[in-house]
Amino acid sequence: MKIEKGVISSSQLTFMIIGFLQASNLLLVFSSRIVNHDSWLAILVGLVISIPIALSYAALAKEFSGKTLIQISDIIYGAYLGKMISVSYILIFLLTFSIDLRLFSDFLITYIMPETPIWAILTLLTFLSAWAVRGGIEVIARCSFIIIAMASIIILSTFVFLLSDMEFSNFLPVFDLPLKDFIQGTHINVSLYYLEIIIFLMIMAFVNKTEQVRGSMLWGLILGGVSLLILEVRNVAVLGIVSNILTSPSFNAVRYISVAEVFTRLEMFVVIMLITTVFLKVSIMYYATVLGLAQTLHLRSYLPLVTPIGIITISLCIISGDSSMELLHGGMYIWPVFILPIQLFPVLSLFIVKLRKKSKKLGANEE
Amino acid sequence: MFNFLSKKLRSWQQQNQNINKENKENDNSKKTKENSQAKLSSNLKENLDSIKAILGVCEDLIIREFAFGNKGQISAAIIFIDGMVDRTLINDNIIKPLMYDNRFICEEESLEIKNIDIIKGTILYVGEIEKSTTINDLVESCLSGDTILLIEKAKEALVISSRGWETRGVVDPETETIVRGPREGFTENLRTNTTLLRRKIKSPDFMLEAMKIGRKTNTAISIAYLKGVANPEVIEEAKRRLKRIDTDGILESGYIEGFIEDAPLSIFSTIGNSEKPDTVAGKILEGRVAVLVDGTPFVLTFPMVFIEGFQSAEDYYSRPYYASLVRVIRFIAFAISILAPSSYVAATTFHQELIPTPLLFTVAASSEGTPFPAVVEVLAMGVIFEILREAGIRLPRPVGQAISIVGALVIGESAVSAGLIGGIVVIVIALTAVASFVVPAQTDSGAILRVILVILAGSMGGVGIMVGLIGILIHLASLRSFGTPYLSPLAPLSPFDLKDVFFRVPIWAMLTRPKSIVRQNIQRQKFILKPTPPPEKKDKGGSK
């Protein structure tokens, strides 16, 4: 019984991871409030820290090729404990999904459509993602290349157009902050976007060449991290200390672009980039949630779950916070602490599997 | 609710199918009883009567009874449909040899020529002759233009291929005009069309398989492909889908398209068509399969991918730089044709701050005093444009001139000067209209997308447009055409095939066929074909 018949290529996995990380553009503010103008350093260190963890995800996926995270935990921990762990994964997927959606809707309402009720935007976006999810993983994967190609062009071109407005003295003095704050900022970076690629453990099972998963995960992580770095460097260099106060520094930084006084007001490109990449990210998370739930409940298809989960998500988005400030506080102080243990759990699983294998080998040798 | 509906639909379909099956069985049983098994008898008169009974009183049926042999002792008859046969062929190559040449032979031989094999083998001067024994076969081939020769005391009849009817000549195709390249276009005659293709691809690998579809029309179709290149699975699938068709008539290749396409409810067509032999030959060489239908100059090709609409045969005949520039222009034109009206609506209704200030003044001044909101203006002008286009196509040529004057001057100019709509709306719609014809394959889908996007832009602004575009992307990504993803080679990405998407590399660099379409025999030419100047000859002493 196979729940998903689609097969994706390893390059599509890379594109999906890049797009997933590029969508985290909105989450950059969480750490930069704490580490101020050194946020580029926190992003870089966060990337370096998360690489080994991501590699261990890939190792776990390789150990159980063709199995998703839910099936893996069923195998390792048995039926009952495994189910409990699966449920906690799914809960995390669902909550991340709804919080990301909410943050993006908040952004749209703040900057573009102040008079539109939030549920209208939420419904529209959820409907779009549900449409993609119903198409299966292949559809999401095919959308990914076009989306990240567009997003990357926008990131690079805005960087080039803003070169004349950049003040690199904004980065000085480097590392002028307490180590504790730096660690906190790095922690936020690591758990809020880099390690959210735990979600790809649900998708790696459908990659056609299992041996290439490791490489594509690494490349996706690095390229995604670099594009976040470019964004952050651009924002801080253009806006300086102001970038830590704004809700969306990217949006405000791009407003400075003026090429020959004709190409002005290019911030709509930021919105285009955000809306497409967030759509990609949200669809991936939506897909992972629905697929995980279907596998936990041993359903034959995940399609009947798409609509109910969508409705639950819309309500979750609305009740997850009364205001942007509340969400910001949650994102800075509560959510990272809550989410990191679960993100590290697959590493523990890998450790257990390796240990078991070794002990089996030892046992076999003794006999 | 959807589940309920789809269940209902399914059970209804099933019922229908059952009824169809019964009908068909009835039909078949009747036929078997009446004629299909009926063999020819040895009595000429009986045979003629039974053929007359089937074809009834058709006024175009001609039965010519005559006698031949040295004393005229063998009576025979030829049967054909007037207008579908080549009369000179019948007179000179069938009747004349039988009646005239045979008078001079001696009696012994004359007895032998009663044998139908001898007539077929030694007397008739016609290229294609077959023998047949059942009346049903005879009637069928008679209706498709063959001539039937019945001879007294023979239990077999000769089916002589004598098709010849009035056809349109091979002329310039009207839908795809080009500057450089072959000028010929397909015609309504299937045989002419296959000839046009065969003349381009003179290879034994070029296969043409015949099929007949349509219970009443019996339309001949032909599946063309390159053996060893085209994906065998696609060919099999195509044949399977074509055999499934059970309808009374096929009048145009559009019917076939509707029956065999992958996404019947999509606004995008997943099967391409062309009127030009060189385009179709190029697609066959790339590994696609073509379906030619008798009675229409439009040939279907599949698998089709989205970017095929942006490629034109002329791209490959002109120099690569200009061809690449034109490619990019086509993509821009397509973007304008679906996005210009909605962007105008979104910018003027929701995002005035995005318009540069000097331009904003112009826009505001032109829409000053117009009574309708931008959405209504744009939608109304769009509808008026579609009406003008439709009228321009349907009306007789001389009247069409008048329509364009009325459309362009009266409606456009007067509506602006009367203050009904803003001048910029007219410009936007005109630009859209011009741009929409740059990519003919997507003109019809573009018209629908335009309306959807304008409505989204009118209700949600720029976010609405983005939502619409992402929706289109999802839809395109979920489409397949005979196993090939519709968005390939962009998604799934195959880097090697990008040589023919946004730019066109020189011909000598087009080493491979598209990977998403072809699985075998992927290399199409030798590796180093880039023209180079001849190596300099070493100077031999004295020759300067």
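Colleague: What should I know before we start?
Modeller: It's a predicted model, where local features need pLDDT of at least 70, side-chain atom pairs count only at pLDDT 80 or more, and totals for chains, interfaces and linings use all residues. Residues are numbered from 1 along each chain as its sequence is written, chains are lettered from A and ligands numbered from 1 in the order written, and side-chain values use heavy atoms, without hydrogens or water.

Colleague: OK, how many aromatic pairs are there over all chains?
Modeller: There are 27, where a pair means Phe, Tyr or Trp rings (for Trp, the six-membered one) with centres within 6.5 Å; planes under 30 degrees apart are stacked, over 60 edge-to-face, and the rest tilted.

Colleague: Which kind is the pair B:Phe306 and B:Phe310?
Modeller: Edge-to-face, because the planes are at 65°, with the centres 5.6 Å apart.

Colleague: And is B:Phe310 buried or exposed?
Modeller: Buried, at 1% relative accessibility; the cut-offs are under 20% relative accessible area for buried, over 50% for exposed and partly exposed in between, using a 1.4 Å probe and protein chains only. B:Phe306 is buried too, at 10%.

Colleague: What cluster are they in?
Modeller: An aromatic cluster whose members include B:Phe306, B:Phe310, B:Phe331 and B:Tyr486.

Colleague: New topic: where does the charged end of B:Arg241 sit?
Modeller: Over the ring of B:Phe482, 4.2 Å from the centre; that label needs Lys NZ or Arg CZ within 6 Å of the ring centre and within 35 degrees of the ring normal. In chain A, A:Lys281 lies over the face of A:Phe20, 5.1 Å from the ring centre.
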